[in-house]
Amino acid sequence: MAITTGTTWDIVLNAAPTRATLEQAVSARAAYQDALHSRAVVVDLRPADDRAGSGAIHPDLGAVTIEPRELPTWLVHNGRGADAILLTQDGTLAAELATGLDAVGIARTTYVTGGFIAWRTAGLPVITAG
């Protein structure tokens, strides 16, 4: 499956095979612990309508919300100081992006297995509109 961020980064990210490794995958609870203890930054890549409909990670955890097309640039400029844990709705795009970024050497990232769905199912802190 091709990685699509909507930018010229697509060429770079699709140049290498995308096969997620187990060491890049973290559970929702592990991601929560890493964010809670400032060992990593959770990068929420979900569109605004997904966050509005299903909720967002609690702001006390310091999660960063950006569009997938902005991720490579954000990692180059901001992501070098802390590990980044990618989060999408179901984890699929996050796995592909983490693998592609690692393959081209932009950044070493991990992703939440099962995405925000797993985060919410685990009962981890979220805020909802309303």
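This note goes through a predicted model of a protein in numbered points, from the overall picture to single residues.

1. Confidence. The protein has an average pLDDT of 85, and 78% of the residues score at least 70. Confidence is lowest in helix H1, residues 9–13, where the mean is 60, and highest in helix H6, residues 115–121, where it is 97. Where pLDDT is low, the predicted coordinates should not be read in detail.

2. Overall make-up. The protein contains six helices and seven strands, and along the sequence these follow the pattern α-β-α-β-α-β-β-α-β-α-β-α-β. Of the 130 residues in the protein, 42% are buried. Among contacts between residues at least 6 apart in sequence, 71% join residues that are at least 24 apart.

3. Strands of a sheet pair through backbone hydrogen bonds, either parallel or antiparallel.

4. From E1 to E6 and E5. E1 is joined to strand E6, residues 109–112, by two bridges, and the two strands run parallel. In this pairing, Ala25 has Tyr111 of E6 as its bridge partner. E6 also pairs with E5, again in the parallel sense, over three bridges, and here Leu86 stands opposite Tyr111 in E6.

5. Strand E2. Four of the five residues of E2 are buried, so this strand is largely enclosed by the rest of the structure. E2 runs parallel to E5, to which five bridges join it, with Ala40 opposite Asp83 in E5. E2 also runs parallel to E4 and is joined to that strand by two bridges, with Asp44 opposite Thr65 in E4.

6. In the loop between H2 and E2 is Ser38, which has a positive phi of about 55 degrees although it is not a glycine. This deserves a remark because most residues other than glycine have a negative phi.

7. Helix H5. Helix H5, residues 92–104, has 13 residues and reaches 19 Å from its first C-alpha to its last, which is close to the 18 Å expected at 1.5 Å a residue. The buried residues in H5 are Ala94, Ala95, Glu96, Leu97, Ala98, Thr99, Gly100 and Leu101. After H5 comes Gly105, with a positive phi near 80 degrees.

8. Thr99 within H5. Thr99 lies in helix H5 and counts as buried because its relative accessible area is 7%, against a cut-off of under 20%. A polar atom of the Thr99 side chain lies 2.9 Å from the backbone oxygen of Ala95, and Ala95 is another of the buried residues in H5.

9. Leu124 and its contacts. Leu124 is found in the loop between H6 and strand E7 (126–127), and at 7% relative accessibility Leu124 counts as buried. Leaving aside residues up to four places away in sequence, Leu124 touches Ala28, Arg29, Tyr32 and Trp119. Leu124 and Arg29 are 95 residues apart along the chain, yet their C-alpha atoms are separated by 7.5 Å.

Definitions and conventions:
Residues numbered from 1 in each chain as written. Heavy atoms only, no water. pLDDT = per-residue confidence, 0-100. Expected span 1.5 Å × (residues − 1). Buried < 20%, exposed > 50% of the residue type's maximum accessible area, 1.4 Å probe, protein only. Polar contact = N/O pair within 3.5 Å; in protein donor to acceptor, adjacent residues only side chain to side chain. Pairing = 2+ DSSP bridges. Contact = heavy atoms within 4.5 Å.
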